[in-house]
Amino acid sequence: MKIVVPVKRVVDYNIKPRVKADGSGVETAGVKMSMNPFDEIAVEEAVRLKEKGVATEVVVVSIGVQQAQDTLRTAMAMGADRAILVLSEESPEPLAVAKVLKAISEKEQPGLFILGKQAIDDDMNATGQMLAGLLGWGQGTFAGKVEVTDGRVLVTREIDGGTEDVSLALPAVVTADLRLNEPRYASLPNIMKARKKPLETLKAEDLGVDMARRLTVVSVAEPEQRKAGVKVGSVGELVEKLRNEAKVI
Amino acid sequence: MTALVLLDHEEGRIRKSALSAVTAAAQLGDVHVLVAGDAAVAQAAAAISGVSKVLHAADAQYAHELAEPLAALIVSLAGGYDQIIAAAGAVGKNVLPRAAALLDVQPIPEVVRIVDAETFVRPIYAGNALATVRSSDAKKVLTVRGSAFDAAPAEGGSAPVEAVAPAANPNVSEFVAVHLSESERPELESARVVVSGGRGLQSEEKFHILEPLADKLGAAIGASRAAVDSGFVPNEFQVGQTGKIVAPELYLAFGISGAIQHLAGMKDSRVIVAVNKDPEAPIFQVADYGIEGDLFEVVPALTAALS
């Protein structure tokens, strides 16, 4: 079984994003970019399934600007076998991404897609579900555990108030939650080896996908800042303030 | 204009966040709600103030709110609606994007403000920025953040309940089991007070120190990702970008440093109290009241002071 893992290049999670002065978006020029943390978990799970003999090949795909090839090299250094870069504008919408991935699916015929549950830049949490819908496949979202047996995949999903187990017919789409695994670091020799692994470049237009945006960003603003608080010296003072000043207890 | 709200429920009860989705929908026009599964929930839904019709799909395939049959059902009903809305909980986030793809619509997740029928405000970058977006899709599919809209009153309405036919089940998924955590405390997302612990609590045993305080305040207990990853509490306690988003009257953070991803889940709380040994902890930048000190001294003292 082949596993396809879509990965996204995003502003590094340690960086505090800055809203551009003209309100057109968030500053990305000259900012450190890295692989979306949920996608690292997805790559790790796919590589583990290969190590267990469940998967035969792990193909990583990224959709975006030329520099996304760095993200793909990182995924290959973690153990993915080859990569596909689909060139498009920076950060296309989930609907367009899902359509590109559907086209890739027709070409690659995977048994499983593993995605991150959401990208930490647009916080959409939609691409996996949309891809599953377009393909008519089952979806195991917010996966905390994945087990492949007898042509099906058992997914333990993180839900409000606990977990839920669902069984999906293969092929299927799984989206990784934080607790699915602890992604490995790529070692230097593996980073070197990843440079020689195949990376194919395609254009979104050539896949027949309309990349036009459905959502226009009218403006991006800083959230309202909280006014500075005070430090209190004792528990007694805190209780007094909560009772008489904030009136919350 | 008429909006269809997917009303998610658990063990025969309508989730409070679903009532917030009704409030959001009412800002756009007439509100119909869809209840899949439980008939008693459909009856309860008829009494929600502001709802003009309840669509009830009774078929057994909807019992566990699986995405595949539920999205197919929504798509079969979508023709008559301008908006399809759900609360941004585990069910809404799972089902609505799938339905949106089938309708060829780009969904708009976690809406915190409705500007007009085309324009919506949503947080991006873990709540570090607010984007106002205008949708060109003929139909809008959105999930709304429960903490950003008041819950619609659960009583006062008298909407008719109409049975709807099931849609063809794609038959690609099966429910196996659910494991819910037992808790007598208020639900984290709707609690008036939240008492939260982080890595500073040190262990699962020591985390219990927060319980008497939570009991005194009638509070829900929350946790940072660090506390969850260290195994102090199960992950449904997690407050943050990747856990629950809360906005209580009072949020007390003990031993939580205040990483961006945690702040995204609680910085809309009305009053924030932080107790931390580290005077430089970022949590103090958002706290209304801070105590620089050892939580193992502060928590019992605070619990005693409230007696």
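These legends describe close-up views of a predicted model.

**View 1. Two aromatic pairs.** A search of the whole structure gives 2 aromatic pairs over all chains. In one of them, the ring centres of Phe113(A) and Trp137(A) are 6.0 Å apart and the planes stand at 45°, so this pair is tilted. Phe113(A) belongs to strand E6 (residues 112-116) of chain A, while Trp137(A) is in the loop between helix H4 (127-135) and strand E7 (138-149) of that chain, so the pair ties together parts that are 24 residues apart in sequence. Phe113(A) has a relative accessible area of 0% and is buried. Trp137(A) is buried as well, with a relative accessible area of 13%. The rings of Phe207(B) and Phe232(B) have their centres 6.5 Å apart and their planes at 50°, so they too make a tilted pair. Here Phe207(B) is part of helix H5 (residues 204-207) of chain B, and Phe232(B) lies in the loop between helix H7 (225-229) and strand E16 (250-254) of chain B, so the pair ties together parts that are 25 residues apart in sequence. Both Phe207(B) and Phe232(B) are buried.

**View 2. Lysines over aromatic rings.** In chain A, the charged end of Lys117(A) sits over the ring of Phe142(A), at 5.7 Å from the ring centre. In chain B, Lys206(B) lies over the face of Phe296(B), and its distance from the ring centre is 5.4 Å.

**View 3. A salt bridge between the chains.** Side chains of opposite charge can pair when their charged atoms come close. The count for this model is 35 salt bridges over all chains. One of them joins the side chains of Asp288(B) and Arg226(A), with 2.8 Å from N to O. This pair crosses between chains: Asp288(B) is in the loop between strand E17 (271-276) and strand E18 (289-292) of chain B, and Arg226(A) is in the loop between strand E12 (215-221) and strand E13 (230-231) of chain A. Asp288(B) counts as buried at 14% relative accessibility, whereas Arg226(A) is partly exposed at 22%.

**View 4. Glu10(B) and its contacts.** Glu10(B) is placed in strand E2 (residues 9-10) of chain B. Its relative accessibility is 18%, so Glu10(B) counts as buried, the limit being under 20%. Leaving out residues up to four places away in sequence, Glu10(B) touches Asp160(A), Arg15(B) and Leu180(B). Glu10(B) also forms a salt bridge with Arg13(B), in which the closest N and O atoms are 4.0 Å apart. Arg13(B) is partly exposed, with a relative accessible area of 48%.

View 5. The side chains of Arg185(B) and Asp215(B) meet in a salt bridge of 2.6 Å, N to O. Arg185(B) lies in the loop between strand E13 (173-180) and strand E14 (193-197) of chain B, and Asp215(B) lies in helix H6 (residues 210-217) of chain B, so the pair ties together parts that are 30 residues apart in sequence. Arg185(B) is partly exposed at 23% relative accessible area, and Asp215(B) is exposed at 52%. In chain A, salt bridges that share partners join Lys2(A), Glu57(A), Arg82(A) and Glu108(A) into one network.

**View 6. Val33(B) in its strand.** Val33(B) belongs to strand E4 (residues 30-36) of chain B. Val33(B) is buried, with a relative accessible area of 0%. Beyond its neighbours within four places in sequence, Val33(B) is in contact with several residues, including Leu4(B), Val22(B), Ala45(B) and Leu55(B).

**View 7. Backbone details.** The peptide bond from Leu170(A) to Pro171(A) is cis, with omega near 0°. Pro171(A) is in the loop between strand E9 (162-169) and strand E10 (172-176) of chain A. Gln109(A), a residue other than glycine, has a positive phi near 50°. Gln109(A) is exposed, at 60% relative accessibility. Glu65(B) also has a positive phi, near 55°, but Glu65(B) is buried, with a relative accessible area of 13%.

**View 8. A nonpolar surface patch.** Leu188(A), Ile191(A) and Met192(A) form a nonpolar patch on the surface, and together they have about 280 Å² of accessible area. Leu188(A) lies in helix H5 (residues 188-194) of chain A and is exposed, with a relative accessible area of 61%.

Definitions and conventions. Residues numbered from 1 in each chain as written. Chains lettered and ligands numbered in written order. Predicted model: local features only at pLDDT ≥ 70, side-chain atom pairs only at ≥ 80, totals over all residues. Heavy atoms only, no water. Patch = residues over 30% accessible without salt bridge, like charges linked within 9 Å, V, L, I, M, F, W, Y side chains within 5 Å. Areas by Shrake-Rupley, 256 points an atom, 1.4 Å probe, with all protein chains shown as cover. Helix = DSSP H or I, 4+ residues; strand = E, 2+ residues; numbered from the N terminus. Buried < 20%, exposed > 50% of the residue type's maximum accessible area, 1.4 Å probe, protein only. Phe/Tyr/Trp six-rings, centres within 6.5 Å; stacked < 30°, edge-to-face > 60°. Lys NZ or Arg CZ within 6 Å of the ring centre and 35° of its normal. Contact = heavy atoms within 4.5 Å.
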